[in-house]
Amino acid sequence: LKRNKQMNEKTNQSLLKFPCIFTFKIICKKAPETKQQLITIIETHFSKLSENDISRKESKNNNYCSYSITVNAQDKTTIDNAYKELNENKNVLILF
């Protein structure tokens, strides 16, 4: 029991040192509303984004797109909450 408690404590610790620059990598279905949905979600948890904070690439067959969105993260909880909300978006397929 004590070992399990120690393992749980270790898995709850973050390898990141806060505050830090953090990049969300998101693969989505290509849809006209996707970019604005992602921006809205991220800006709910972090400060307003600039165009320099967002990069986008389209897939070879133009069916999917990937976004890299860079934020200034203050803590792990905020990152976790943003991941949870991004994961609930119907166009998001994969989060890194």
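Which strands does helix H2 lie across, and at about what angle does helix H2 run to E3?

1. Basis of the note. This is a predicted model, in which local features need pLDDT of at least 70 and side-chain atom pairs count only at pLDDT 80 or more, while totals for chains, interfaces and linings use all residues. Residues are numbered from 1 along each chain as its sequence is written, and side-chain values use heavy atoms, with hydrogens and water left out.

2. Helix H2 and the sheet. Helix H2, residues 34–45, lies across strand E1 (20–29) and also across E2, E3 and E4, and its course is at about 20° to E3. Helices (H or I, at least four residues) and strands (E, at least two) are DSSP runs numbered from the N terminus, and the angles, on a scale from 0 to 180 degrees, are taken between N-to-C directions of axes fitted as lines to C-alpha atoms, for helices over the stretch in contact.

3. Helix H3. Residues 76–87 form helix H3, which packs on the sheet and touches E1, E3 and E4, with a direction that makes about 10° with that of E1; contact here means heavy atoms within 4.5 Å.

4. Strand order. The sheet is open and has four strands in the order E2-E3-E1-E4, paired in the antiparallel sense. Its edge strands are E2 (54–58) and E4 (92–95), each of which pairs on one side only, and the twist from one strand to the next averages 25°. Two strands are said to pair if DSSP finds at least two bridges between them.

5. The E2 and E3 pairing. Strand E3, residues 64–73, is joined to E2 by five bridges in the antiparallel sense, and within this part of the sheet Lys57 stands opposite Ser66 of E3.

6. Cys65. This residue has its place in strand E3, and it is buried, its relative accessible area being 2% (buried means under 20%, exposed over 50%, and partly exposed in between, with a 1.4 Å probe and protein chains only). Leaving aside neighbours within four places in sequence, Cys65 is in contact with Ile26, Ile27, Cys28, Lys29, Lys30, Arg56, Lys57 and Glu58. Between Cys65 and Ala31 the C-alpha to C-alpha distance is 8.9 Å, although 34 residues separate the two in sequence.

7. Salt bridges around Glu58. A search of the whole structure finds four salt bridges, each defined as a side-chain nitrogen of Lys or Arg within 4 Å of a carboxyl oxygen of Asp or Glu. One of them links Lys30 to Glu58, with the closest N and O atoms 3.2 Å apart; since Lys30 lies in the loop between E1 and H2 and Glu58 in strand E2, the pair ties together parts that are 28 residues apart in sequence. Glu58 also forms a salt bridge with Arg56, where the closest N and O atoms are 3.3 Å apart. Lys30 is partly exposed at 34% relative accessible area, as is Glu58 at 39%, and Arg56 is partly exposed at 40%.

8. Asp80 and Lys76 form a salt bridge whose closest N and O atoms are 2.8 Å apart, and both residues lie in helix H3, four residues apart, about one turn of the helix. Asp80 is partly exposed, with a relative accessible area of 36%, and Lys76 is partly exposed at 32%. Elsewhere, salt bridges that share partners join Lys30, Arg56 and Glu58 into one network.
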